[in-house]
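Hello,

Here is the structure I promised to pass on. Please open it first, and then read on for what turned up in it.

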Amino acid sequence: MGGADGIRGTDGRDRSGGHRVHIGSFTSAGGRGITTADVDPATGALTLLSTTDAVADPSYLALDRGAGVLYAVSETEQGAVAAFRSTPDGLAVLGPAVQVGGAGPTHLSVAGRRLLTANYTSGSVSSLPLAADGTVSGPASVLVHRGSGPDASRQERPHAHQVLPDPSGRWVLSVDLGTDSVRVCAPDPATGALRLHGETALRAGTGSRHLVFHPDGEVVYVLHELEPQLAVCRWNAGSGQLEPIGEVPVAPAAAPGAVRAHPSAVVASPDGRFVWAAVRGADTVVTLSLAEGAGKPRLTESVACGGSWPRDLAADPSGRRLYAANERSGDVTWFDVDPLTGRPRRAGSVAVPAATCVLFA
């Protein structure tokens with residue numbers, strides 16, 4: 001695989017004065033790997049700068065902002081992670097990719113001096129040490145999930161889909177589609193290995209995929225993939241307990257023979273007033289108002305995602321815009337957000353083949 005390839009403006013400078021974004025994609029489906037783009041601060045428009053295919057299928061990305069290092073999973077059977085640093089010519093890979101000890105990693109996050117991955121195919125989560133310069137090393141410490149769900153085609157065994165630290169930094173939560181549950185882990189202070197603290201069961205057959213914390217840190221929204229529902233949970237950072245308190249639909253029930261809705265990504269606005277979700281199949285971005293309280297989201301809007309199969313959804317740091325990575329149509333579409341209603345309005349798009357995630361740098 002090659003290194004950085006220029007698209008437009010390969011000097012790598014942020015001429016706009018705005019933010020940068022990194023966009024992951026499936027190289028096995030024609031994607032370019034990781035694409036870096038400028039964000040126009042006035043319009044939100046993306047200008048593509050460079051790409052790198054130094055790692056296969058970098059479907060999800062994470063950033064260590066302190067070290068200025070970008071991390072990518074390699075969602076392959078021999079699951080791995082790679083680290084990158086920005087240079088004037090694009091992203092430069094920092095050493096060889098490191099195996100995570102699990103297959104098909106779909107998500108990763110930084111937790112202190114550890115890099116965490118959720119390994120979908122093998123149903124496990126991994127923890128790898130990070131050096132002071134941001135490089136990754138092994139071997140990985142692996143926690144294997146146990147269990148299954150009622151959907152024989154999708155829940156025959158565990159399928160860890162997301163892993164991330166809670167806002168307090170004391171706990172790590174892993175979301176498992178195969179077992180309809182969220183596991184709470186406590187990192188070992190000496191080794192960084194994840195130790196199971198508790199497991200919260202959600203409604204059977206819903207296929208828990210991703211979660212997001214409300215900015216107050218006390219409410220968690222868990223998006224299901226196998227049913228278009230959002231579970232609302234209370235989070236107690238003191239005890240490390242997650243308690244389900246309700247559910248709200250993010251798409252209407254499918255009519256017989258209709259295309260099923262498969263929700264993918266959930267985002268909370270920085271001001272805590274809205275939650276947004278991307279729904280594949282329906283190919284929509286939905287808005288849920290939190291006007292009645294963080295624990296009582298209410299579906300208020302549903303708009304077209306601007307393409308097909310929105311695998312990821314990201315908000316800019318201000319919460320004024322949303323960006324959908326539309327995998328099957330091969331584009332990233334951006335939306336202006338109405339400050340009063342939270343309703344997204346399509347503002348533009350750019351071609352990014354097999355796009356899978358958007359990360360603000």
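How much space lies in the largest pocket? The answer is about 1100 Å³. Before the details, a word on the source: this is a predicted model, in which local features need pLDDT of at least 70, side-chain atom pairs count only at pLDDT 80 or more, and totals for chains, interfaces and linings use all residues. Residues are numbered from 1 along each chain as its sequence is written, and side-chain values use heavy atoms, with hydrogens and water left out.

**Pocket and cavities**

Rolling a probe the size of a water molecule over the atoms shows where empty space is left. The search runs on a 1 Å grid over the protein atoms alone: a cavity is a set of points where a 1.4 Å probe fits but cannot get out, a pocket is an open set with protein on both sides within 12 Å along at least five of seven lines, and lining residues have an atom within 4 Å of a point. Grid points are joined across faces, edges and corners, and a volume is the space filled by probe spheres set on the points.

The largest pocket is lined by 33 residues, and those closest to its centre are Tyr60, Arg65, Leu164, Val212 and Leu359. At least two lining residues come from each of strand 5 (61-64), strand 10 (105-111), strand 14 (160-165), strand 18, strand 22 (262-268), strand 26 (310-315) and strand 30. Helices (H or I, at least four residues) and strands (E, at least two) are DSSP runs, numbered from the N terminus. By type, the pocket lining holds 25 nonpolar, 5 polar and 3 charged residues. Here Ala, Val, Leu, Ile, Met, Phe, Trp, Tyr, Cys and Pro count as nonpolar, Asp, Glu, Lys and Arg as charged, and the others, Gly among them, as polar.

The whole structure also has 2 cavities of 30 Å³ or more. The largest cavity has a volume of about 60 Å³, and its lining is made of Ser59, Tyr60, Thr106, His161, Arg209, His210, Arg311, Asp312 and Thr356. Strand 18 and strand 26 are the elements that give two or more residues to this lining, which divides into 1 nonpolar, 5 polar and 3 charged.

**Aromatic rings**

There are 4 aromatic pairs in the structure. Rings of Phe, Tyr and Trp (its six-membered ring) pair if their centres lie within 6.5 Å; planes under 30 degrees apart count as stacked, over 60 as edge-to-face and the rest as tilted. Phe213 and Trp235 are edge-to-face because their planes stand at 75 degrees, with ring centres 6.2 Å apart. This pair links distant parts of the chain, with Phe213 in strand 18 (residues 208-213) and Trp235 in strand 20 (residues 229-236), 22 residues apart. Phe213 is buried at 12% relative accessible area, and Trp235 is buried at 5%; buried means under 20%, exposed over 50%, and partly exposed in between (1.4 Å probe, protein chains only).

Tyr323 and Phe360 have ring centres 5.4 Å apart and planes at 70 degrees, so this pair is edge-to-face. Tyr323 sits in strand 27 (residues 321-326) and Phe360 in strand 30 (residues 355-360), 37 residues apart. Tyr323 is buried at 0%, and Phe360 is buried at 6%. Together with Trp334, Tyr323 and Phe360 form one aromatic cluster.

**Loops worth a look**

Trp309 lies in the loop between strand 25 and strand 26. Although Trp309 is not a glycine, its phi is positive, at about 65 degrees, and the residue is buried at 15%. Over its face lies Arg328, 3.8 Å from the ring centre (a charge sits over a ring if NZ of Lys or CZ of Arg is within 6 Å of the ring centre and within 35 degrees of the ring normal).

Asp180, in the loop between strand 15 (172-176) and strand 16 (181-187), also has a positive phi, near 50 degrees. Asp180 is buried at 3%.

The peptide bond from Gly138 to Pro139 is cis, with omega near 0 degrees. Pro139 belongs to the loop between strand 12 (124-129) and strand 13 (141-144).

Best wishes
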